[in-house]
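Here is a short report on charged side-chain pairs. Look over the model first, then read on.

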Amino acid sequence: MSVTREEAALTPRQRTILDELGRRGFLSTTDLAGTFDVSDMTIRRDTRALSKMGLVKVVHGGVSAVEGHGQNADFAARAREDAAAKRRVARACVDLIAERDAVILDAGTTTYQIAQELPATFTGTIITHSAPAIQRCLQLTSARTICLGGELLLDSQAFNGAITVSAAEGLHAKTAFIGVSGIHDEAFYIERDVERATKLALMASAEQVVVVATHQKMLRYALARLAAFDAVDILVTDAPPPAEIMTALEAAGVRLIVAA
């Protein structure tokens, strides 16, 4: 997203509305008025101005993000699934990131939410092959962004393949945040084997590996086995895992963070 002359002239309140909308997708007029201690009419003027620039959509009772902005319909739909849990997981991940850290963000809707939750003041480095995360990084003007190229997989909205792997192998980050599709039998699983090499390259390029997964991924298989538990340092989820997974994580030395 390029910054137009109109966007450059946004007021601080309008910029805050845009940033929060990027995190939540919808904001009510009443809540915004309370947050800024202004009238509903003042908020409506702000949102109408943003709407005229094509940055938001004014809807009944408030304002919503422009659907599909930086995402295709499939990714946007998956991002809305279990959205509250993904936000909790993402916020717990942000707590693991220092102000100037270099971090790797894998493809996926939960890792994308980490990009959404990063504060505008973040001055570290973001390394990613996720197109939606790259789109979000255009708003994080204090950060450095390194984009990993390759073949674009339209459904996952991420670059993949030998080019991506080669680019990742030449980098070093503090933490890699990796998304998975299932957690079962002392291993993490993903939907497609074609993405395995890229994920493993991202994991190998970081000092610590953090897997992010909502509770829906527990005791679930997927097509391809990504890695055993002992290849990961931390698992961040939104609810305590089943007993058998908890026991296996402890045996493998994986730190568990359950987001509040």
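Is E195 buried or exposed? E195 is buried, at a relative accessible area of 13%. Buried means under 20% relative accessible area, exposed means over 50%, and partly exposed lies in between (1.4 Å probe, protein chains only).

This is a predicted model, in which local features need pLDDT of at least 70, side-chain atom pairs count only at pLDDT 80 or more, and totals for chains, interfaces and linings use all residues. Residues are numbered from 1 along each chain as its sequence is written, and side-chain values use heavy atoms, with hydrogens and water left out.

The structure holds eight salt bridges. A salt bridge here is a side-chain nitrogen of Lys or Arg within 4 Å of a carboxyl oxygen of Asp or Glu. Among them are these:

| Pair | N to O distance |
|---|---|
| R136 and D19 | 3.2 Å |
| E117 and R91 | 3.2 Å |
| R192 and E195 | 3.3 Å |

R136 pairs with D19. This pair links distant parts of the chain: R136 sits in helix α8 (residues 131-137), D19 in helix α2 (residues 12-24), 117 residues apart. Helices are DSSP runs (H or I, at least four residues), numbered from the N terminus. R136 is buried at 3%, and D19 is partly exposed at 21%.

E117 bridges to R91. E117 lies in helix α7 (residues 109-117) and R91 in helix α6 (residues 83-94), 26 residues apart. E117 is buried at 8% relative accessibility. R91 is partly exposed at 39%.

R192 meets E195. Salt bridges with shared partners join D155, R192 and E195 into one network. R192 is partly exposed, at 25% relative accessibility.

Notes: Helix = DSSP H or I, 4+ residues; strand = E, 2+ residues; numbered from the N terminus.
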